[in-house]
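I am opening a notebook on this structure and will write down what I look up, entry by entry.

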Number of protein chains: 2
Amino acid sequence: MPQLFTVITPKEAWLRLEPHLSPVARVETIATADALGRVLAEDIVASSDLPFFARSTMDGYAVRAEDTYGASESLPAYLKVTGEVMMGRPAGISLSPAEAALVHTGGMLPQNADAVVMIENTREVDASTIEVVRPVARGENVLQIGEEVARGEGVLSRGSLLRPQEIGGLLSLGVTKITVFQRVKVALISTGDELVPPEEEPKPGQIRNTNAYTLAGLASKAGAIPLRLGIVKDNHEALTAAAQRGMREADIVVISAGSSVSTRDMTADVINSLGPPGIMVHGVSLKPGKPTILAVVNGKPFFGLPGNPGSAMITFELFVTPCIYKMSGCKQPPRRFLTAKLTRNTPSAPGREDYVPVKLEEKEGQLYAEPVFGKSNVLFNLIRADGLAQVPLDRAGLAAGETVLVILL
Amino acid sequence: MPQLFTVITPKEAWLRLEPHLSPVARVETIATADALGRVLAEDIVASSDLPFFARSTMDGYAVRAEDTYGASESLPAYLKVTGEVMMGRPAGISLSPAEAALVHTGGMLPQNADAVVMIENTREVDASTIEVVRPVARGENVLQIGEEVARGEGVLSRGSLLRPQEIGGLLSLGVTKITVFQRVKVALISTGDELVPPEEEPKPGQIRNTNAYTLAGLASKAGAIPLRLGIVKDNHEALTAAAQRGMREADIVVISAGSSVSTRDMTADVINSLGPPGIMVHGVSLKPGKPTILAVVNGKPFFGLPGNPGSAMITFELFVTPCIYKMSGCKQPPRRFLTAKLTRNTPSAPGREDYVPVKLEEKEGQLYAEPVFGKSNVLFNLIRADGLAQVPLDRAGLAAGETVLVILL
């Protein structure tokens with residue numbers, strides 16, 4: 001007999017699983033320069049001011065601001081140029097009243113200088129004299145000591161995802177090695193007596209296994225290491241053995257089950273036999289993806305996803321991807337969604353959250369989402385799509401022109 | 001004397017460079033399973049139908065549709081169940097009139113069957129008889145031969161970026177090896193007498209080189225291989241030697257020049273001395289990034305970007321990233337922008353395109369972009385930001401509530 005399952009909303013499903021997820025305990029120390037896409041496992045505090053000397057933000061003359069007060073085109077301030085600040089060197093100059101020094105963008109301010117006059121607002125009178133035709137305020141065109149980052153300031157915290165700018169920011173402070181979370185490992189098991197490996201020629205009744213590869217791709221994109229454990233026949237022992245191997249070798253186990261009721265039931269039985277607490281969610285008010293299973297076995301998240309290629313990808317994106325980020329220690333995963341205006345009426349059923357493949361197009365600064373037609377759940381629909389538009393649970397569909405949330409694919 | 005340069009719009013700048021860009025000639029054949037993020041260098045045509053046998057899309061009974069016409073709860077159609085289609089096997093059954101066969105989702109349709117009745121619309125009468133209480137149309141709940149992909153159909157074309165779904169789609173057709181474009185190599189040269197490597201303690205007047213690392217990260221994200229050629233002193237010979245090395249070893253050369261006028265001029269001189277046609281664009285109506293140089297030297301694109309960390313990243317994203325995609329052979333780069341509503345008035349100047357770091361936030365299905373305040377061009381502003389909002393050229397700023405285009409960072 002098919003097992004009965006109670007369908008809950010995608011959000012409720014996630015909220016049941018989430019309290020069981022925590023970052024992997026394994027960390028490693030690596031070169032900051034190699035840490036793109038990794039997640040910090042430590043808090044980083046600035047050990048020095050950035051900049052640690054006052055720097056000019058313009059090409060011009062370093063001055064004492066008060067010497068320029070009241071200066072104008074008709075009544076310029078005359079300043080004596082006492083030297084030039086060389087790039088990469090201490091300024092080596094101290095300004096007395098009515099003195100200035102040539103300084104380049106990024107150059108160090110001389111002693112007693114507190115502002116920089118842009119070169120455009122000066123005129124050379126002779127080799128050692130300039131006219132300043134506009135006053136500058138104290139601090140103008142200067143990046144002060146510690147203005148970007150102050151010594152002792154928390155710069156990045158544990159859980160920060162490292163983008164190019166974070167890598168640069170860490171290196172600017174001399175942080176060349178950092179401790180990051182190790183990558184999360186995701187075991188991928190495909191079940192179904194109809195499946196053959198992609199390199200085999202399927203016989204009548206058989207199809208090639210693709211879920212192991214599409215889901216491996218999604219796992220990689222989320223920063224995890226996919227472990228493809230191959231195709232498992234639809235029998236209890238084989239599936240149990242594969243699931244136990246996944247539990248040993250990985251942090252997360254995903255079974256993409258055959259689509260028929262019987263294989264789905266077997267997946268549920270196997271998961272519940274592996275260890276407590278077992279299945280948290282069996283059935284989600286979601287299209288596609290209703291028969292999705294979310295479970296926890298001995299502290300590790302365990303997913304039973306529908307075998308259909310489209311459903312498997314969509315449910316992976318909705319549940320496994322956020323799980324990977326959570327277990328990677330990542331506090332703010334990269335933005336995966338945007339909003340767009342729907343181009344056509346899109347029917348749904350109230351009480352169910354639908355995900356509809358869409359093409360995105362920008363016209364005059366506005367993004368539009370155009371539903372992709374075709375037999376639902378078919379992998380090639382996702383190839384034609386840029387993202388998945390969400391039809392909310394409480395709506396019986398959306399009308400053309402409405403704003404929709406789109407998950408990028 | 002500073003060289004004069006004529007400022008043109010970012011779009012004009014790109015249009016001057018673009019005709020000189022073509023995909024790299026080097027291709028390689030790799031396993032499809034390892035091709036995530038790569039770009040196809042060949043057209044792929046389906047060598048077989050997908051599916052190549054008619055499959056059920058539901059759990060139920062395969063039937064001859066005409067046997068169910070007129071069936072209802074009160075007047076069901078009685079069908080004789082002649083067997084069960086096993087998953088992964090030829091159906092091995094042929095239906096005579098008034099016969100049905102049990103079939104699972106994904107199972108092969110028996111001979112003479114042309115539709116599937118969902119199990120929910122049947123009742124078991126005895127071990128070999130069912131009642132059908134709703135009629136099915138011919139083809140209902142069946143994925144026909146070639147319905148997903150027809151034999152001979154073009155599936156993916158040269159220039160397709162391979163996401164998880166494309167990998168799966170290729171494997172579903174048995175395409176286990178493919179020819180892809182080799183990754184584009186980008187040489188990164190940092191100039192400036194003030195720069196020291198990140199592992200060195202800067203002395204007064206010095207700062208750590210970070211552009212080589214932030215730009216390497218952006219290049220990697222765009223699928224290229226970054227080659228960091230190190231820090232070059234501000235002199236003509238040293239810069240020329242580094243630029244020549246970049247020309248030999250890479251497909252694209254990027255110099256992030258010192259920010260002062262003199263080093264910018266030197267960069268321009270060096271580029272023009274390397275070979276024809278030389279500088280295409282010197283100066284873009286852009287903030288930050290006005291002094292950007294776009295050039296072509298002996299067929300290779302060559303960029304002179306401002307040295308300021310924020311400006312270097314922004315101009316790289318605007319010009320070098322699209323150049324990488326073009327040279328990678330990629331016809332449709334991944335979507336890097338979205339639209340959002342601005343939360344505050346953001347001043348600009350007409351005739352100039354501004355890029356303002358913003359935080360993104362979603363409220364009730366709508367994305368909002370909140371400008372990040374702070375000294376412009378500073379790297380840590382980009383760390384606080386999720387993206388860059390574009391203030392268009394023809395506007396003197398944008399008002400709170402207006403829709404802006406945001407490039408994701």
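Predicted model: local features only at pLDDT ≥ 70, side-chain atom pairs only at ≥ 80, totals over all residues.

Entry on backbone angles. I looked up Asn141(B), which lies in the loop between strand E9 (129–132) and strand E10 (142–143) of chain B, and found that its phi is positive, about 60°, although it is not a glycine. Is Asn141(B) buried or exposed? I count Asn141(B) as buried, because 22 other C-beta atoms lie within 10 Å. I then turned to Ala98(A), in the loop between strand E5 (77–84) and strand E6 (99–103) of chain A, where phi is also positive, near 65°; Ala98(A) counts as exposed, with 12 C-beta neighbours inside 10 Å.

Entry on cis peptide bonds. I found one joining Lys287(A) and Pro288(A), with omega about -5°, and Pro288(A) sits in the loop between strand E19 (286–287) and strand E20 (293–297) of chain A.

Entry on the two chains. I see that a rotation of 180° with 0.0 Å of shift along its axis superposes chain A on chain B, at an RMSD of 0.0 Å, which is the relation of a two-fold axis. Of the residues of chain A, Leu338(A) comes closest to that axis, its C-alpha being at 3.0 Å. I record that 72 residues of chain A are in contact with 72 residues of chain B, and that helix H2 (residues 164–172) of chain A gives the largest share of chain A's side, 8 residues.

Conventions
Residues numbered from 1 in each chain as written. Chains lettered and ligands numbered in written order. Least-squares fit on C-alpha atoms with pLDDT ≥ 70 in both. Contact = placed C-beta atoms within 7 Å. Helix = DSSP H or I, 4+ residues; strand = E, 2+ residues; numbered from the N terminus. Buried ≥ 20, exposed ≤ 12 C-beta atoms within 10 Å, placed from the backbone.
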